[in-house]
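Please open the model in your viewer and keep the sequence panel beside it. The tour below goes from one selection to the next.

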Amino acid sequence: MVIAVASGKGGTGKTTIAANLAYFIRDAQVIDCDVEEPNAHLFLKPEIIKRETMCLPIPVVDESKCTHCGKCGEVCEFSAIFVIKNKVMVFPELCHGCGACEYFCPEKAIREEKREIGIIESGTAGGLSFVHGILNIGEPMSPPLIRRVKELIEPGRTVILDSPPGTSCPAVETVKGADFCVLVTEPTPFGLNDLNLAVEMVRKIRVPLGVVINSCNIGDSGVNEYCKNEGIPVLMSFPWDRRIAEQYSMGTLMLKNLREYIEHYATLFDKIKAELYSKNETAHSHKR
Ligand code: SF4
Ligand code: SF4
């Protein structure tokens, strides 16, 4: 089972929920897909066992063979290569390394060179398996690195994906293909606005979802009403608690010291499983 933990905006407590849920499950795998700002390791403190460099192949043009036919620019979906005034221009920051330009060049004038975009580290944290990607500073191309860390999903294990915040490509790349998405929000007009966008995004990629409301004892009732009207299950509501903030500021998992919250995570995990079960049942009954 792959559970993505996402949010429409940063600062909602998404990583806190992801890390503590994994800690509660115990033998889960945590994959931090927030490759621009990975921070799940600060809570989980994994022992890193393996480190690999992530490179993207980018095209290099041999001008002596090039006839400036423009085919490479035509096949590039990302406007990363085109011909201008008898010169082929390549924009490595836009290149997704798909290899189409090299494949379709009629003169075999293109070869690939590797460009490093980040690193992937994996290891263990207690009984948890841990993976995160770290994108190089200034590097705009996070989706290929997210795809690569997701390739390290261990089959048969419960996997928690800590998604980047927001609703753009990195979040879509993370949540895509998950069995379930937990959207973490706060009960404020800002939280509601971003939750609305996140729900749209997750529904578009057809992943079942539920909501966790953080700091539920402050703010207003807008998020609850929205979830009710949209038929979205509220999986867990968390009060604002100074002690949770203190654990966070020390980089400690709240479940290690605030044992009374274990019930909250038990309920969260049970509700996710129940939602998945009912979705599968509905899908099967439609097939029958
Ligand atoms: S497809 Fe090949 S030959 Fe044509 S412009 Fe591009 S690099 Fe040059
Ligand atoms: S490798 Fe793909 S993305 Fe990069 S320039 Fe060539 S066609 Fe475009």
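How many bridges join strand 2 to strand 7? Select residues 29-32 for strand 2 and residues 128-135 for strand 7, and you will find that four bridges join these strands, which run parallel; strands here are DSSP runs of E with at least two residues, and helices are runs of H or I with at least four, both numbered from the N terminus. One of the pairs to display is I31 with V131, its bridge partner in strand 7.

Before going further, note that this is a predicted model, in which local features need pLDDT of at least 70 and side-chain atom pairs count only at pLDDT 80 or more, while totals for chains, interfaces and linings use all residues. Residues are numbered from 1 along each chain as its sequence is written, and chains are lettered from A and ligands numbered from 1 in the order in which they are written.

Next, show the whole open sheet, whose nine strands have the order 3-6-7-2-8-1-9-10-11 with mixed pairing, two strands being paired if DSSP finds at least two bridges between them. At its edges are strand 3 (47-61) and strand 11 (234-237), each of which pairs on one side only.

Now select residues 189-204, helix 7, which lies across strand 1 (2-6), strand 9 (180-185) and strand 10 (209-213) and runs at about 170° to strand 9. Contact here requires C-beta atoms, placed from the backbone, to lie within 7 Å, and angles run from 0 to 180 degrees between the N-to-C directions of axes fitted to C-alpha atoms, for helices over the stretch in contact.

Finally, turn to the ligands, where a residue counts as near if its C-beta atom, placed from the backbone, lies within 6 Å. Around ligand 1 there are 14 residues, of which C66, C69, K71, C72 and C105 come nearest. Ligand 2 is surrounded by 13 residues, and the closest are C76, A80, C95, C98 and C101.

Notes. Contact = placed C-beta atoms within 7 Å.
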